[in-house]
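This report describes one protein model, moving from single residues to the chain as a whole. The structure is shown first.

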Amino acid sequence: MRDLNVPPHDVTLEEGLLGCLIGDPKEALSGFISQHPRCRDYFYDIRNNDIFGAILKLQDERTNIDTLTLQSALKLDNKLDSVGGLDRLVSIQDNIPSTSNWPYYADGIRDYWIKRELIGVGNAAIRAGQTSPDAAKALDDVQREVLAIAQDNSGGDRSNVDMANEYMSKMAAAIKDPNSLRGLLTGYADLDSVLNGLQPSSVIILAARPSMGKTSLALCMAQNIAVSRSIPVGIFSLEMSAESLIARLIHMQAKVPRQEFSINMGKLSNAADDICKAPVYIDDRSALTVQQIAAAARRMKQQHGIKCLFVDYLQLIRSTRDKGTRNDEVAEISNGLKAVAKELKVPIVVLSQLSRQVDKDSRPPKLSDLRDSGAIEA
């Protein structure tokens, strides 16, 4: 029976994976690292963790990996004796039936790592529940940790070499297909040409004075993405109700003005069917904080695989700051939305109001006219 005081782990599986990495670093090591971004955390046994660290160091130094080079690297770090010496390194490699089994070992130790992480998050949740003064922030922190475990995509361990190679691969693909670098198309050719589509992890500010059509334009973009192309979209409407947004989407899809509904019920019925089938997910709660938006967006991403978010609008998002100016609050909200876009790797279109100075000066708006904060334009 397993001792519940000892975190879940399997030393034999860890040794099996290390044997594969030493025996076939070209295939096993590159595959393990590329498929498991959090792999540095997988090894529970400190000896195995040190061996894996030495393997990574040899890889970074472009040195061939075998038992002798590994012995030398561990000896330089004064860790050879603590990991069991050369005899253990040889034994680890000799005891595996085939290096092609590395995916089995990798998945096994990843499962144990997930269990350990869940225990850690659970303990942190208990502490936060007992001591945190802000329940919304505590919930947001726990959800973020759980999502990071599920996606295994912290990205913090990616090397410059990996990122450079990935970028160059994209450039090579773009030579063959220039559209490969394009983001989500909004359906507005001029806008898509300037932005090259809505790019992942980006925040796009759609700003205007009140009653200038910000919401209508955002809904048209959402319609072009979700209804016309069946790409999942999330909408946070802090001003209008979900019923109002659905009604507007139906009339937009049917191309029927509201005052002409009685003579166009057939078109409206067909449009309603299209909207019902479209992957549009609306959250119309008022006075949300950026932490609540982040938590809901993570659920949308996890459950529905959303590819784009719309937030209507920035100045209605509630700040959690106890002190400070409105500029400070909007800066906090703006930075929070940028963090959500980066975390979920989706573009976020944020509606924002412009200051009244635009009306007074009778001139085209500029970035400094964004209401309440210069942080929005950063």
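Is Gln 223 buried or exposed? Gln 223 is buried, at a relative accessible area of 9%, where buried means under 20%, exposed over 50% and partly exposed in between, with a 1.4 Å probe and protein chains only. This is a predicted model, in which local features need pLDDT of at least 70 and side-chain atom pairs count only at pLDDT 80 or more, while totals for chains, interfaces and linings use all residues. Residues are numbered from 1 along each chain as its sequence is written, and side-chain values use heavy atoms, with hydrogens and water left out.

**Helix α11**

Gln 223 belongs to helix α11, which covers residues 214-227. Helices (H or I, at least four residues) and strands (E, at least two) are DSSP runs numbered from the N terminus. Not counting residues up to four places away in sequence, Gln 223 touches Ser 228, Leu 249, Met 252 and Gln 253; contact means heavy atoms within 4.5 Å.

Thr 215 is also found in helix α11. Its relative accessible area is 14%, so Thr 215 is buried. With neighbours within four places in sequence left aside, Thr 215 is in contact with Met 240, Leu 245, Arg 248, Asp 312 and Leu 351.

Val 194 lies in helix α10, residues 189-195. Val 194 counts as exposed because its relative accessibility is 69%. Together with Tyr 188, Leu 191 and Leu 195, Val 194 forms a nonpolar patch on the surface, and the four residues have about 330 Å² of accessible area together. Patches are made of residues with over 30% relative accessible area and no salt bridge; like charges are joined within 9 Å, and nonpolar side chains (Val, Leu, Ile, Met, Phe, Trp, Tyr) within 5 Å. A salt bridge is a side-chain nitrogen of Lys or Arg within 4 Å of a carboxyl oxygen of Asp or Glu. Accessible areas come from the Shrake-Rupley method with a 1.4 Å probe, and for residues only the protein chains shown count as cover.

The loop between α10 and β1 (203-208) holds Asn 196. Asn 196 is not a glycine, yet has a positive phi of about 60 degrees. Leu 198 lies in the loop between α10 and β1. Leu 198 is buried, with a relative accessible area of 2%. Contacts of Leu 198, leaving aside neighbours within four places in sequence, include Gly 183, Ile 204, Ile 225, Cys 308 and Val 349.

**Other loop residues**

Lys 255 is found in the loop between α12 (242-254) and α13 (265-277). Lys 255 has a positive phi of about 55 degrees although it is not a glycine.

Ala 287 is placed in the loop between β3 (280-283) and α14 (290-304). Ala 287 and Ser 319 are 32 residues apart in sequence, and their C-alpha atoms are 9.0 Å apart in space. Not counting residues up to four places away in sequence, Ala 287 touches Leu 238, Gln 292, Leu 316 and Arg 318.

| Residue | Relative accessible area | Class |
|---|---|---|
| Asn 196 | 31% | partly exposed |
| Lys 255 | 72% | exposed |
| Ala 287 | 39% | partly exposed |

**Aromatic rings**

A pair of aromatic rings is described by the distance of the centres and the angle of the planes. Five aromatic pairs are present in the structure. The ring centres of Tyr 104 and Tyr 105 are 5.6 Å apart and the planes stand at 65 degrees, so this pair is edge-to-face. Rings of Phe, Tyr and Trp (its six-membered ring) pair if their centres lie within 6.5 Å; planes under 30 degrees apart count as stacked, over 60 as edge-to-face and the rest as tilted. Tyr 104 is exposed, with a relative accessible area of 58%, whereas Tyr 105 is buried, with 11%.

One aromatic cluster is formed by Phe 32, Tyr 42, Phe 43, Phe 52 and Trp 113. The charged end of Lys 115 sits over the ring of Tyr 112, 5.1 Å from its centre. A charge sits over a ring if NZ of Lys or CZ of Arg is within 6 Å of the ring centre and within 35 degrees of the ring normal.

**The chain as a whole**

The protein chain has 16 helices and five strands. Of its 378 residues, 39% count as buried. The protein chain exposes about 20,400 Å², of which carbon and sulfur atoms supply 52%. Among contacts in the protein chain with a separation of 6 or more, 69% are between residues 24 or more positions apart.
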